[in-house]
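Let's take a friendly walk through this structure together. Have the sequence and the 3D view ready, and follow along as we go.

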Amino acid sequence: MKEIISLAPGRTCLFGDHQDYLGLPVIACAISRNIKLTAVENNTGAFKLNMVDINQVRIIDINQTFTELAPRDYFASSLRVLRRHGCIPNVGYDITVTGNIPINSGTSSSSALLLAWINFLVNAYGVDEEITPEFISRMGYLSEVVEHGEPGGMMDHYSIGVGNIVHIDTRDPFSFSVIGTELGGLITGVSGVPKETIGLIGDLKGNALLAITTIKKHFPHFDLNTAEIEDLYKYVNYLPDRLIPFFEAAIKNHHYTKMALIEFQKPNLDLKKIGALMNQHHAVLRDLLKITVPRIDDMIDAALKAGAYGAKIVGSGGGGSIVVLAEPGNEAPVVEAILAAGAVAAYPVTVDPGSRIQ
């Protein structure tokens, strides 16, 4: 019987949280935690999905076309998207899904599962286009965000699908580039507080876009991509008080991401500089967008007191996880400090090469 093993890593956002849906760049990386999908051909005409870690089984007829989509049913939406690209299932598979990415923690377990599933499907049944990391990433974005009309961006899919450390320019025309393959001293800390995704992103995106629209009424040529921190004072008088933090956050986060890109493009990384920029980025997420919770704040404070160069919340916020940059070789005391501050898990991670067939 034919067997296909599909792996997809989690991801962490280094710079650019709450930026990709505004058309601003992001720096993210795939990390060495993954979802593993082991598929063995069967003769039932069905996908039998056994999701071991959450004790769920799902059976999907290979001919089902899903004219109606249930919310967040990414197995279904990806089958629908891939059919349009010539991927037509013609034989069933028994599929076992396992993984070590914490669920609902801000390190993209759901997008990793989706990309592992898509990579399996296109390798099992073929597709009209060349199978590349970019293709897998694009199918993930279409399946998760576009097909369901959700407010997210492209960061998760491209950082997992392309792998490594990737700079993602979300403007039209969309582009991405791999800017590194290693980053020593990386640590993930999991708060155990479930993150809020759909509602929180929708609110923050809505307020940021409203602020930008308001500015454009007074400055028709305003471009968020070229705005600098010193321009803030020129614009804020035209905004109602409640929108100022969202506008200020967009400009400041973009600035720190641009500064970080300069650092990542140097032949030798200055981890202290990158860490300092990470801290500035986190301050914006905490103080302006207010997406942290007390346990996240405690974990970050503890990491920095234990000698970490930088730390920030990851993802949509309201809980989830943090990413920490420590001195390579000195991760252990930082991990201990994060756990002592209330984290349910903390561990060193390395940069992963991305979604792949084993």
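In this predicted model, start with two helices: α1, covering residues 74–83, and α2, covering residues 109–125. Their axes come within 10 Å of each other and cross at roughly 40°. If you turn the view to look at how they pass, you will find that the crossing is right-handed.

Which residues make the contact between α1 and α2? On the α1 side they are Y74, F75, S78, L79 and L82. On the α2 side they are L113, L114, W117, I118, L121 and V122. Sorted by class, this contact has 10 nonpolar residues, 1 polar residue and no charged ones.

Charged residues come into the picture with the salt bridges. A salt bridge here means a side-chain nitrogen of Lys or Arg within 4 Å of a carboxyl oxygen of Asp or Glu, and by this rule the count comes to 15.

Let's begin with the pair E150 and R72, whose side chains meet with N and O 3.9 Å apart. This distance is within the 4 Å cut-off, so the pair counts as a salt bridge. Where do the two partners sit in the chain? E150 is in the loop between α3 (133–146) and α4 (155–162), while R72 is in the loop between β4 (56–61) and α1. The pair links distant parts of the chain, with 78 residues from one to the other. Is E150 buried or exposed? E150 has a relative accessibility of 16%, and because buried means under 20%, E150 counts as buried.

R138 and E134 both lie in α3, 4 residues apart, which is about one turn of the helix. They form a salt bridge in which the closest N and O atoms are 3.4 Å apart. R138 is partly exposed at 25% relative accessible area, and E134 is partly exposed at 25% as well.

Another pair to find is K266 and E263, joined by a salt bridge with the closest N and O atoms 3.1 Å apart. Here K266 is partly exposed, at 34%, whereas E263 is buried, at 7%.

For the last stop, look for R80, R84 and E147, which are linked in a network of salt bridges.

Terms used: Residues are numbered from 1 along each chain as its sequence is written. This is a predicted model: local features need pLDDT of at least 70, side-chain atom pairs count only at pLDDT 80 or more; totals for chains, interfaces and linings use all residues. Side-chain values use heavy atoms; hydrogens and water are left out. Axes are lines fitted to C-alpha atoms, for helices over the stretch in contact, and angles run from 0 to 180 degrees between N-to-C directions. A crossing is left-handed if the near helix is turned anticlockwise from the far one by less than a right angle, and right-handed if clockwise. Contact means heavy atoms within 4.5 Å. Ala, Val, Leu, Ile, Met, Phe, Trp, Tyr, Cys and Pro count as nonpolar, Asp, Glu, Lys and Arg as charged, and the others, Gly among them, as polar. Buried means under 20% relative accessible area, exposed over 50%, partly exposed in between (1.4 Å probe, protein chains only).
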